[in-house]
Each structure stands twice: as C-alpha cells, then as structure tokens.
Amino acid sequence: MATTLPRFLSRRLCHSSPLPRFSQSIPRNSPSPFHSSARRSYSSGFKDTPGRSPFKIWPFVAITLAGSGAYALMVKSRADMAPTTEQIAAPKKETPTFSPTKVTVLFVLGGPGAGKGTQCANLVRDYHFTHLSAGDLLRAEQERPGSEFGDLIKSYIKDGKIVPMEVTVQLLENAMNDVVTKDKDGKGKFLIDGFPRKMDQALKFEETVCPSKFVLFFDCPEEEMQKRLLERGKTSGRSDDNAESIKKRFKTFVETSMPVVEYFRKKNKVVQIVATKTPDEVYKETREKLEQRLGKNF
Ligand SMILES: Nc1ncnc2c1ncn2[C@@H]1O[C@H](COP(=O)(O)OP(=O)(O)O)[C@@H](O)[C@H]1O
Ligand SMILES: O=c1ccn([C@@H]2O[C@H](COP(=O)(O)OP(=O)(O)O)[C@@H](O)[C@H]2O)c(=O)[nH]1
C-alpha cells in the first residue's frame, strides 16, 4: 500500500491538468498555425493560385494528428498505469484478518462533537474495550517522523474530508493486530470510534479486517455539536476545531457518513443513543442499550 498510494494520488493530479502539455506550451498570443495565417494560406493557396499545391496544409495536419495521437497515448498510458482501488489496497483476501468469533468490533458513529470519544472512555473503563479512534490514529500518523502520508492527512483533516480509506483501514488493522497478537487466546474487543465514515471504508473493513457486531450511533443536532466543538477548540489544539473546518465537517458528515449509518440501519445493526443530554445521562442510555444487545457479560 505504502508504495502504490502516491501513484493513485498522482493520477488525480494529472487529471486536474486542463490542457495537453504541447498546447500549454504555445503562448496565448503567438500566431497559431491553426487559426489566422494557416486558414488564410489554405483558402488563398487553394482557390486563388491555381498551380500552387493545396497540400501545403499537410504539415499542419500532420502536426495536429501527431500531437493529438501523442496526447491520446499519454492519457491512455496514464490511465493504464493508474491502479484501481483494489490494486492500491492490500491484495484481496478470501477472508477477513480477524474472525468475529474471537474479535468483537463495535463501530462508534455520530457527528463531529457528538460525544463519541467521551462515551468510549466510559465504556473502556467499565467493559475493558480497546478504544481505537480513527481520527487519533490519523493524527498520530500525521506526526510520525518520516510518514509519507503526513501532509496528505493534514490537509484532509483541515478540510473535513475523509482520508483515502487505504490509509485508515491499514492503521486500524495494525492497531488491532498489536492487541490481538498479545492476547494469549488471540481475542480482542474493540470500539472503533469515528469509523467508518464513508461507504467504501465500511465495505473494505468488513471484507478484509473484521465484520462488525453493530454500530453505536450518537445522535446530536448540529447546533449542539458546534457549541461543543468550539468549546473543545479552545484547548484541543486541533486544526479542525474552528468554525470554518467545522462547517466542512458537518457537510461531510451529512453527505458521506450518514449514508453509512443508514446502510447499517437497514441491516438492523444500529443502536441509536440520544446524545444531547448530560454525559452521565448519555452514558446511562448507552450502557442499557449495549447490555440489551450483548447481554451483561460481554
Ligand atoms: N453529553 C455532553 N454534553 C456536553 N458536552 C459534551 C457531552 N459529551 C461530550 N461533551 C464535550 O463535547 C466535546 C466533544 O466531545 P467528544 O467526546 O470529543 O466528541 P467526538 O469524539 O464525537 O468528537 C468535548 O469537549 C466533550 O467534553
Ligand atoms: O475514518 C476516518 C476518521 C477520521 N478522518 C478524519 O479525521 C477527522 C477528525 O475525526 P475525529 O473522529 O477525530 O473527530 P470528530 O470529527 O469526530 O470530532 C475527520 O474530520 C476526517 O478528516 C478520516 O479521514 N477518516
């Protein structure tokens, strides 16, 4: 993954180039062989001076065809070079890395500032889950000296966009692996916080890492989340806890992450919690609903 992802990103950059290179290199106001002089030369040469060969347009036609052909080939070769999403990720696996008989995964979703992290801390204390926050893992990777994804992660987080799934899924799998390999029975109980935020992540994770048991969804209106995030921003030091980034994060949440919640809801895998009350009240409802779903001794 580490070596192929930049190729994928470079493809995106190539696509943003609006013009073939050879035409960009022609200064805008320089005389173009395809406009004034060429056309004049074609019409006068062909009609007005019989005997002069009309075929002197050929060099221009040849240049155009050669140029277009070369450009088409360049585009095609770049398209061929660019790996598909499946090629970028680790080789396709027949089965997920972890079996749900040994590894329990609960996804924890909710808008930015809904209180996911706060409630995860309570659940870790009382039920000995391992808490893996996708956002924390990405921020740690962003700060890791030598990470080739540092700048990429930084700009995605600031803009409230979802980092390409290959990075996040791999970080989560690595972190889960650390825990499971240290457990004498190869077991683990994970709260995966703030993930999956996009359908591709959800499908990829369940297919290649571990199927989830269900989703804890903390439901909170934007107004309340915004108030909390601005307050958190006073001390969090996070680049995205400011009004401008918050607006973008809300948009991403509604457009990209809510469809994930709806996907799991259709599968009857969403445990929804009202997140507007006090942290203690929210936790009370969380515990009750969790125990209803899993039994007391999970
Ligand atoms: N029920 C709540 N009522 C008021 N403030 C809360 C509540 N839950 C969390 N907070 C505060 O709101 C902010 C966002 O909570 P956090 O758990 O970090 O949210 P998330 O992980 O969903 O972004 C934090 O400063 C936290 O202390
Ligand atoms: O699977 C994920 C989870 C998080 N993020 C990025 O990390 C940011 C912060 O996420 P986190 O869960 O830490 O904070 P929240 O927005 O829930 O407060 C998001 O806005 C995204 O830019 C991401 O790209 N993929």
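The model is predicted: local features need pLDDT of at least 70, side-chain atom pairs count only at pLDDT 80 or more, and totals for chains, interfaces and linings use all residues. Residues are numbered from 1 along each chain as its sequence is written, while chains are lettered from A and ligands numbered from 1 in the order in which they are written.

## Overall build

The protein has 13 helices and five strands. Helices (H or I, at least four residues) and strands (E, at least two) are DSSP runs, numbered from the N terminus. Of its 298 residues, 26% count as buried. A residue is buried if 20 or more other C-beta atoms lie within 10 Å of its own, exposed if 12 or fewer, and partly exposed in between; C-beta atoms are placed from the backbone.

Among contacts with a separation of 6 or more, 80% join residues 24 or more positions apart. Two residues are in contact if their C-beta atoms, placed from the backbone, lie within 7 Å.

## The core

The largest nonpolar core has 46 residues. Such a core is a set of buried Ala, Val, Leu, Ile, Met, Phe, Trp, Tyr and Cys residues joined through C-beta atoms within 7 Å. Phe107, Val108, Leu172, Leu191 and Ile192 have the most contacts inside it. Leaving out residues up to four places away in sequence, Ile192 touches Val105, Leu106, Phe107, Val108, Leu132, Ala134 and Leu172.

## Around ligand 1

Ligand 1 is surrounded by 14 residues, and the closest are Gly115, Lys116, Gly117, Thr118 and Arg228. Here a residue is near a molecule if its C-beta atom, placed from the backbone, lies within 6 Å of it. Helix 6, helix 11 (222-236) and helix 13 each give two or more residues to this shell. The shell divides into four nonpolar, six polar and four charged residues. In this count Ala, Val, Leu, Ile, Met, Phe, Trp, Tyr, Cys and Pro are nonpolar, Asp, Glu, Lys and Arg are charged, and the others, Gly among them, are polar.

An unreviewed UniProt entry places the feature "binding site" at Gly113, Ala114, Gly115, Lys116, Gly117, Thr118, Arg232 and Lys277. UniProt positions are given in the numbering used here, feature names are shortened, and annotations may be inferred rather than shown by experiment.

Gly115 sits in the loop between strand 1 (103-110) and helix 6 (116-127). Beyond four places in sequence, Gly115 touches Gly110, Phe218, Cys220, Ala275, Pro279 and Val282. Gly115 and Pro279 are 164 residues apart in sequence, yet 7.9 Å apart in space, C-alpha to C-alpha. Lys116 belongs to helix 6. With nearby sequence neighbours (within four places) set aside, Lys116 is in contact with Val108, Gly110, Asp193, Gly194 and Phe218. Lys277 lies in the loop between strand 5 (270-274) and helix 13 (279-294).

## Around ligand 2

Ligand 2 has 20 residues around it; Pro112, Ala134, Gly135, Val163 and Gly194 are the closest. Helix 7 (134-143) and helix 8 (150-158) each give two or more residues to the shell. The largest share, three residues, comes from helix 7. By class, the shell has eight nonpolar, seven polar and five charged residues.

A further UniProt "binding site" annotation, also from an unreviewed entry, includes Arg139, Lys161, Gly194, Gln201 and Arg249. Its positions are spread over 111 residues of sequence and up to 23.5 Å between C-alpha atoms.

Gly194 is in the loop between strand 3 and helix 10 (199-208). Setting aside neighbours within four places, Gly194 is in contact with Val108, Lys116, Ser133, Ala134 and Gly135. Gln201 is in helix 10.

## Burial of annotated residues

| Residue | C-beta neighbours inside 10 Å | Class |
|---|---|---|
| Gly115 | 23 | buried |
| Lys116 | 24 | buried |
| Lys277 | 14 | partly exposed |
| Gly194 | 23 | buried |
| Gln201 | 24 | buried |
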